[in-house]
Amino acid sequence: MASSKKKKPFAYLAEFDTTPAVIHAAEKLRDAGYSKFDAHTPFPIHGMDAAMGLSDSKLGLLVFPVAMAGTATAFTMMWWMNGIDYPLVIGGKPPFSLPSMVPIMFELTVLFSAFATVFGMLHLNRLPRHHHPVFNSERFAAATDDKFFISVEADDPKFDLEKTKKVLEGAHCTHLEIVYDDDGQTETIPLGQAEA
Amino acid sequence: MSYPYLPKKELGEVPLAGEGATFRSLTEAVARVTENPAPRGWWIAFLSAASFLGVMTIAIGYLFWTGIGVWGNNAPVYWAWDITNFVWWIGIGHAGTLISAVLFLFRQKWRTSINRFAEAMTIFAVICALVFPGIHVGRTWYAYYMLPLPSEMQMWPNFKSPLIWDVFAVSTYATVSTLFWYVGLIPDLATLRDRARNPLRKKIYGALALGWRGANRHWQNYERAYLILAALSTPLVLSVHSVVSFDFATSVLPGWHATIFPPYFVAGAVFSGFAMVMTLMLITRAVYGMRSIVTMKHLELMNKIMLVTGSLVGYAYGMEFFIAWYGGNDYELFCFKNRAFGPYAWAYWTMISCNVISPQLFWFKKLRTSIPVMFVVSITINIGMWFERFVIIVTSLHRDFLPSSWGYFRPTLVDIFTYCGTLGLFFTAFLLFLRWVPMIAIAEVKGVLPESDPHYHPEEAHADHHHAEPVAAEAEE
């Protein structure tokens, strides 16, 4: 314990047992002015975005231009291939015939948007990511099972080893630890009287 | 205070997951299937499916070596089992996206127990479907002509043809369904990663889970992505079978040239897809003990959808006949008379009894909630839907405008082997899915449990919470 004092911690990792507990903890951190914290939950919790004070997802802004690019690509491709480069007269229709292009314009719009949605989501989430310090905690595996975690990063301007600990204890976390970035270490913090 | 996720007993609502399901019990029930050794039944099913897959490989190899003549297709029936199977498989592939996208947009939370399953089935059905247009072109090595690729002939595809629309629709559908499925899988793959003890297993699931850590800042974008994909897939799923129906409807052949085709095909696709989901789910649910996750309520709701879509299909059959008479076109009327009373009458009446009559049993709650009845009906519907495509394709072709060229199509052994072989391909892929991938969307089902509600307090925790409030306020200072 004494040696770890010199190392810079990455974050506090507080564990909770129930959905209401974790959402109240997020509200407390938000109200205390923290910004670099996150909740880790096995499923998306309704109302957590507001509890953490997050703004709306930006994904739609990313997808829309790509969707339009899909429409434009399909249109340009068919117009040039059938109308300009290799005109085919079939069934007496003009070589460039907009109504018959609608299905493919639709399909490519959907195809482009789907790729933009998936890769845009991964980009906004900075995934895939090989490793993350929270994985150093052995207890963290339960975040994809039945436990709820809140990580408060040391980079947060409000972060303070003592004060942050008090906020998390006050929110009735059932377990509290510090995770370090590089050496895969964690340190369990004994909980005060607020322990449930 | 009322909890939105708690069933309202006064309205006769029952919980979406069985009584007593918890987060932990859900994780256990679903994840352990992929962790424990496969039961013997799985191996028996897998080996038989794989041998059918082998039969398909041989049948297709023989086809490539010899040519399309090994099939029963001949003038005037140029399209037969190949396109029948293609349309049948694509139709089956519609239920997954319907369940995952359309029901998601309608906030039908019961879909969470069955969507993963149905989406996987969709992907495998689309793969089976894609086999047929790939091999029926005759010289398969020229199949790339279907794509707008620059070639030495300096030609481009004819984009006014519904057949090329089909190439785009089906390949888009296959891609988007796969993406949708994979996005849904990410949190559950992370669950498997976190439970893994074997280092290799941890590495593989770890790589597939992309470093997912359940962060709310991620869930936010993830849920938005899921919503957008659902919104994209909803018109897509309706477009795919519409485009498939254009292959027929834009031709001038009596029996095909009908404006009712797009909605009629889509209803049939949903109908057959739900039937296939039902068949597979009844078996899997019994074998793997998923009865508390996929409850009778789910099965009953699916049966209701089959009743609706089955009746829509029945309406379309009736309307085709009405228009054939009302439209006053002699060729059209002949075609439909020939369907119902000609040489293929046996196929037509098989279709009617399987598709229109058998789902009517679901009007009765007792039959709708009986597992043996729904199992038999779901298989009957799949047979009926195969016959629907066969009837549409073959009966419209076999007596064309020139009576001297009339004929009667009979499948050859290679036809039969190829078709049964794709069933092998489908079940091989499906069994591998059951073995290695969480078959139920764990994270999504957790999200509909009463415990997941942010206001959910069991009584004792509730009292404790208010008592503790002042302490928390002090700590913030």
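Q: Where does B:Gln154 lie in this predicted model?
A: B:Gln154 lies in the loop between α5 and α6 of chain B.

Q: What is to be noted about phi of B:Gln154?
A: Phi of B:Gln154 is near 55°, which is a positive value, and the residue is not glycine.

Q: Is B:Gln154 buried or exposed?
A: A residue counts as exposed when its relative accessible area is over 50%. B:Gln154 has 62%, so it is exposed.

Q: Which other residue has a positive phi, and where is it found?
A: B:Leu210 has phi near 60°, again in a residue other than glycine. B:Leu210 is found in the loop between α7 (199-208) and α8 (216-249) of chain B. Its relative accessible area is 13%, and buried means under 20%, so B:Leu210 is buried.

Q: Which residues form a nonpolar patch on the surface?
A: The patch is made of B:Trp141, B:Tyr142, B:Tyr144, B:Tyr145, B:Leu147, B:Leu149, B:Met153 and B:Met155. Together they have about 750 Å² of accessible area. B:Met155 sits in the loop between α5 (115-135) and α6 (162-195) of chain B, and with a relative accessible area of 36% it is partly exposed.

Q: Where are cis peptide bonds found?
A: One joins A:Leu127 and A:Pro128, with omega about -5°. A:Pro128 is in the loop between α4 (102-124) and β3 (148-153) of chain A. Another joins B:Ala75 and B:Pro76, with omega about 0°. B:Pro76 is in the loop between α2 (40-66) and α3 (81-92) of chain B.

Q: How many disulfides are there over all chains?
A: A disulfide is a covalent bond that links the sulfur atoms of two cysteines. The count over all chains is zero.

Q: How does the span of helix α14 of chain B agree with its number of residues?
A: At 1.5 Å a residue, the 28 residues of α14 (residues 371-398) should span 40 Å. The end C-alpha atoms are 40 Å apart, which agrees. There is also a kink of about 25° in α14(B), centred on B:Val391.

Q: Why is α14(B) said to be largely enclosed?
A: Of its 28 residues, 21 are buried, so α14(B) is largely enclosed by the rest of the structure.

Technical notes
Residues are numbered from 1 along each chain as its sequence is written. Chains are lettered from A and ligands numbered from 1 in the order in which they are written. This is a predicted model: local features need pLDDT of at least 70, side-chain atom pairs count only at pLDDT 80 or more; totals for chains, interfaces and linings use all residues. Side-chain values use heavy atoms; hydrogens and water are left out. Patches are made of residues with over 30% relative accessible area and no salt bridge: like charges are joined within 9 Å, nonpolar side chains (Val, Leu, Ile, Met, Phe, Trp, Tyr) within 5 Å. Accessible areas come from the Shrake-Rupley method with a 1.4 Å probe; for residues, only the protein chains shown count as cover. A salt bridge is a side-chain nitrogen of Lys or Arg within 4 Å of a carboxyl oxygen of Asp or Glu. Helices (H or I, at least four residues) and strands (E, at least two) are DSSP runs, numbered from the N terminus. Buried means under 20% relative accessible area, exposed over 50%, partly exposed in between (1.4 Å probe, protein chains only). A disulfide is a pair of cysteine sulfur atoms within 2.5 Å. The expected span of a helix is 1.5 Å times one less than its number of residues. The bend at a residue is the angle between axes fitted to the seven residues ending there and the seven starting there.
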